[in-house]
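Q: I am new to this one and would like to learn how to read it. Could we go through it together, feature by feature?

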Amino acid sequence: MTQMLVIVPDRCTGCMQCELACGWVQTGQFQPSQSLIRVNIFDEEASYAPYTCLQCDEAWCMTVCPVNAIGVDAANGAKVVDQRLCIGCHLCTIACPFGTMFTLPQNDKAAKCNLCGGQPACVVSCPTDAIQYREAEQCGEWFRDWGRRVHERYLEETSAPA
Amino acid sequence: MYGWTGKLLRVDLATGKSRVEDIPEDWRRDYIGGRGLADRYLYEEMDPKVDPFAPENKLIFATGPLTGTCAPCGARYMVVTKGALTGAITTSNSGGHWGPELKFAGYDLLILENAAPRPSYLFIYDDYVELRDAGHLWGKGVFETEDTLREELGIPALRVATIGPAGENRVRFACIMNDKHRAAGRSGVGAVMGAKNLKAVAVRGTRGVQVADPEAFMRAVWAMRAAMQDHPGRKSFAELGTAATIDMTNAFGGLPTRNFQQGQFEHAENLNGNAIRDTRLVTNKACFACTIACGRVCRLGDGAGKYLVNTHPRNWKIAGEGPEYEGAWALGADTGVGDLDAVLKANWLCNDLGMDPISMGATLAAAMELYQKGAITDDMLEQGIPLAFDNPEAIIRYTEATAYREGIGDELAEGAKRLGERFGHPEVFMGSKGQEFPAYDPRGFQGMGVAYATCNRGACHLRAWTPAVESTGQMDPHTPKGKSEWVVNEQHRTTAHDATGLCLFVGAAGGPLETFVPITAAATGVPYTLEDFLKIGERTWNLERLFNLRAGFTRADDSLPKRLLEEPHKTGPSAGVVVHLDEMLPVYYRCRGWDQEGRPTPEKLAELGLASLA
């Protein structure tokens, strides 16, 4: 059974522990600038959301790569970059619809979330369970509920008199 | 380098030239970082007698070895300078994300010297340091300044520490604000920055912080997180925020009301943690690496429209963060205002204009007492807005007037002490060393009396918070017995705590000093013990005291206003109690190894390795 990352923005407090944990996995230092999960802060909306690769079924980063440097981890379905093959063309960063492909400043090669080989550090570090690693088929329920609320709020705000 | 970066950035604002220096290894070891290290630099490099607004006054931003690590609440930085409000050394602490960003840029300390010839801001991107023109930012509020800088520099992850109009206008209790709602709040550090013509320090750092022993570090961090997770203190902070404290202080008759004329506030339940959670809270907000998230993001209630509205339509939907306990007290109970919307609004104005809500509220309360006495009259005020207790419009309008020094605001901007003297009633000033008291009445919590009187930066609740033992049955809140001893020890603990870069709140949330001594040791590679920490706390405290003595402070400044010493409350749990400072102070000096004039003895200084500095 495949597991996937589930992110619950309502629970996020914007503390950056996930960025610290991810940066630690990448570099062995506390270095959020190297993190492959990023916390987006929307002050005006009082909303915070960590965001990282969704491990798309049909992954455009993988499709577009001219040298087949992006493959699939058979154990957990994560799309992973083989940096030995990457030529640094940045096409994957353009292809990704979610902005979760990064290039590393030190070698200009692609980097993305690889689910830490099945034990994501961001999940462990999150103090409020805003990032979870769950069986894929249970993940939709939360999203349906959230989607409904966003939609209702959208209708409410667009129908309000100016 | 582990824990520390080992570097400091020194910028001469007069010329814009900057240079990077190594921080001596023995200084790092002996002062840890943050408050201690910055104190040492200030003491070493500056004449304590200079005017706070003079270019010779230095402004130091300092992080600790745990700032920027994943240790719980490792978000803090310190601003150390000679305070505009007090003339004493001040050590203002702030959270948010700015401190870690400075560390990621590669610096433990940022030392700012002299004054810029024109309004400027400092831009730091790792090694790149430039003093830039801030003519277009001058006069702007804190929120707009941060947004503008982020947009025009094109760096979404930029972190900004800035002053608002209050700092520019040298309001003596102006803050340095970072991440919009986080403040290095007290003693007027923002006014010092304003006097230097420095609008903001914008930082982006991409480097990392390394730790000496990763395995031991992570083990100790997770032990601390486990201890905090289910701790009632952490849960209360997360659920109700700091304003939950209102119920406790009110129950003890220790919630100062109407400029300390009463000890309990009849509308306390309008301002407490439950009221905020149930009626205004949008979400919790955490500082960097925080596992508590006590920050409140609040929305104004529907009734807020009835108060004078100023022009910030973009931010109107969400009022922003706060109020914290202290802000809710100062702008609420201390002025007699029991309306949460008015308090929220005034608190948020303080944030945007860059002022300390504690001193702002307390100064308003002192002014309201002057109005009560007839020393301030209606013809000095704006028409239709009497500066009277219980008037919600007054706290909003005169908060704004203070930041811009309009009308009576020009007098309010000088703080309660100078205000009282100006109108011939110095007794209305409720504070110590020129700094207004925070939200604990020493007649309800006797120990706060000696804590306030002896604090190096003027009255402060964060150096020895005696309700920790006085509200929990461990000590009688009304007797002076044992308080001085406890306060001395606690002052050492909090001073060392501040030096590490962790938030003081972890102590009340299940992570006391003992739990992160091993974290600091694993991070830095220095085998610190609890005894080392207490010694470092004591060394730093004595160093601050030496600074103040050289600045001209004496035993007479370790004092409290007459109201606390002679006028007990008539009703409530603290009725009939006055503060016995005359009993506590000599014991305090003795515990510290100081003479009865409050001067550290040569033996004490030798013991602390400070003999050469006296």
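A: Gladly! Helix α2 (residues 34-45) of chain B packs against helix α20 (residues 483-500) of chain B at an angle of about 90°, and their axes are 5 Å apart. This is a predicted model, where local features need pLDDT of at least 70 and side-chain atom pairs count only at pLDDT 80 or more, while totals for chains, interfaces and linings use all residues. Residues are numbered from 1 along each chain as its sequence is written, and chains are lettered from A and ligands numbered from 1 in the order in which they are written.

Q: How do I read such a helix pair, and which residues of α2(B) and α20(B) make the contact?
A: Two packed helices are described by the angle between their axes and the distance between the axes. Axes are lines fitted to C-alpha atoms, for helices over the stretch in contact, and angles run from 0 to 180 degrees between N-to-C directions. Helices (H or I, at least four residues) and strands (E, at least two) are DSSP runs, numbered from the N terminus. Here α2(B) and α20(B) are therefore roughly perpendicular to each other (65 to 115 degrees). Gly34(B), Arg35(B) and Gly36(B) of α2(B) meet Thr495(B), Asp498(B), Ala499(B) and Thr500(B) of α20(B); contact means C-beta atoms, placed from the backbone, within 7 Å.

Q: What is the strand order of the open sheet in chain B?
A: Strands of a sheet pair through backbone hydrogen bonds, either parallel or antiparallel. In chain B, the six strands of an open sheet follow the order β8-β7-β12-β9-β10-β11, with mixed pairing; strands pair if DSSP finds at least two bridges between them. At the edges are β8 (128-133) and β11 (182-184) of chain B, each pairing on one side only. The twist averages 20° from one strand to the next. Helix α4 (residues 142-153) of chain B packs on this sheet, touching β9 (159-162), β10 (176-178) and β12 (198-204) of chain B.

Q: And how are β7 and β8 of chain B joined?
A: Strand β7 (residues 120-125) of chain B runs antiparallel to β8(B), with six bridges between them. Phe123(B) stands opposite Glu130(B) of β8(B).

Q: How many residues does each chain bring to the contact between A and B?
A: Chain A brings 18 residues and chain B 22 residues. Helix α1 (residues 17-27) of chain A gives the largest share of chain A's side, five residues.

Notes
Two residues are in contact if their C-beta atoms, placed from the backbone, lie within 7 Å. Angles under 35 degrees count as roughly parallel, over 145 as roughly antiparallel, 65 to 115 as roughly perpendicular and the rest as oblique.
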